[in-house]
Amino acid sequence: MQLELRHLQAVCRIAEAGSLGRAATRLGVSQPALSAQLRRIERVAGGELFYRGRRGVEPTPLGQFVLAKARRVLGEMDALAAGARAATTADRPLRLGCILLVLVDGLLAQLDLLLREREVAVELEHSVTALTRMLGAGQYDVVLYGEVNDHEVPLPEGVVARTLIAREPFCVRLSDRHPLAGRPRIDLADLAGEPWMTLVEDDDGGPEALVTACRKAGFTPLLRHRITDRKMHYDLIAAGRAVSLTQPTAPPTPGTVLRPLTGDPVTGRIRLAWNRSAVPAAHADLLYRAAAHAYLANLDNNPFHRTWWDARPELHPVLDRT
């Protein structure tokens with residue numbers, strides 16, 4: 001038997017998963033079939049590639065050597081596929097899918113500056129799960145999405161993800177006539193009894209994070225409204241009929257105010273993911289830069305977030321790559 005790319009992929013998946021069971025699930029095969037395949041690979045390699053234990057598997061010294069070579073080979077194949085795909089699809093738009101993040105408003109202008117030679121088609125989705133599934137199916141080339149608190153969105157095979165904003169604290173938007181509107185910072189417990197606007201995305205960890213934070217503050221939130229239209233959303237809050245969690249970079253709107261929450265009980269992060277076979281590394285880096293600049297352009301929308309952000313340089317996006 002000669003080693004093939006699928007064998008190298010199997011070895012890498014086993015190392016990444018840390019167990020044969022999890023690796024089999026990710027590869028879509030049974031555990032006995034993967035175990036048998038690994039034994040055949042080890043016979044070709046000349047020894048065991050993994051130590052087996054109760055807690056899973058770990059690479060042996062030989063396994064570490066094979067993994068290093070396998071990752072290099074697979075990386076070169078990905079680069080080859082991406083280059084070939086880019087050469088054949090240069091005449092069609094780069095398809096970018098996003099959830100409704102504040103930075104999306106400025107992203108297109110940034111893309112016009114950084115990707116002048118490529119048309120970019122942007123579409124909004126209200127489900128992170130749908131967004132990543134469509135990325136895996138080839139309906140999008142790149143997606144921009146958020147995760148709340150510790151929630152991690154599973155990504156399909158062949159996708160690379162890069163964290164754009166590692167952490168940002170959600171704030172609360174409420175009517176400028178609300179009794180708490182004059183406070184510089186609001187305790188979540190003081191919002192008990194308020195009708196809440198349910199977050200638009202329901203599969204990014206946001207609803208669970210809100211409910212958990214409110215329960216820790218001593219109440220269960222009344223989730224009354226779910227509105228995807230921004231103007232209707234803001235008008236309802238301005239009328240005093242709801243409050244909502246909001247990104248701290250959100251712009252001010254008439255009749256509403258944004259206030260930080262004491263202790264930052266709900267935080268989010270923003271990630272960029274792309275299909276390696278469709279997006280060359282150079283374009284992925286330009287997309288990252290465009291999204292980062294779009295986010296940074298909104299920092300001064302709210303002085304409280306600018307202060308928070310400047311105190312945490314370790315969270316800033318990395319823009320010094322060449």
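1. Among contacts in the protein chain (heavy atoms within 4.5 Å) between residues at least 6 apart in sequence, 74% join residues at least 24 apart. The model is a predicted one, in which local features need pLDDT of at least 70 and side-chain atom pairs count only at pLDDT 80 or more, while totals for chains, interfaces and linings use all residues. Residues are numbered from 1 along each chain as its sequence is written, and side-chain values use heavy atoms, with hydrogens and water left out.

2. The protein chain has 10 helices and 12 strands; these are DSSP runs numbered from the N terminus, helices being H or I of at least four residues and strands E of at least two. The C-alpha trace spans about 75 × 50 × 35 Å along its principal axes. Of the 322 residues, 49% count as buried, that is, under 20% relative accessible area, with exposed meaning over 50% and partly exposed in between (1.4 Å probe, protein chains only).

3. The largest nonpolar core comprises 41 residues. A core of this kind is a set of buried Ala, Val, Leu, Ile, Met, Phe, Trp, Tyr and Cys residues joined through side-chain atoms within 4.5 Å. The members touching the most other members are Leu103, Leu107, Val142, Leu144, Leu164, Ile270 and Val279. Elements giving two or more residues include β5 (142-148), β6 (159-169), β12 (267-275) and α9 (281-296); α9 gives the most, with 8 residues.

4. Apart from neighbours within four places in sequence, Leu164 is in contact with Leu103, Leu144, Ile270, Arg271, Tyr288, Ala291, Ala292 and Pro317. A second, separate core has 20 residues, among them Leu174, Ile186, Trp196 and Leu245.

5. Helices α1 (residues 5-17) and α3 (residues 31-45) have axes that come within 11 Å and cross at roughly 115°. Axes here are lines fitted to C-alpha atoms over the stretch in contact, with angles from 0 to 180 degrees between N-to-C directions. The two helices are therefore roughly perpendicular to each other, a class covering 65 to 115 degrees. The contact is made by Arg6, His7, Ala10, Val11 and Ile14 of α1 and by Leu34, Gln37, Leu38 and Ile41 of α3.

6. Two backbone positions deserve a check. Most residues other than glycine have a negative phi. Asn149, in the loop between β5 and β6, has a positive phi of about 50° although it is not a glycine. Asn149 counts as partly exposed, at 24% relative accessibility. Asp264, in the loop between β11 (256-260) and β12, likewise has a positive phi of about 50° without being a glycine.

Terms used: Parallel < 35°, antiparallel > 145°, perpendicular 65-115°, else oblique.
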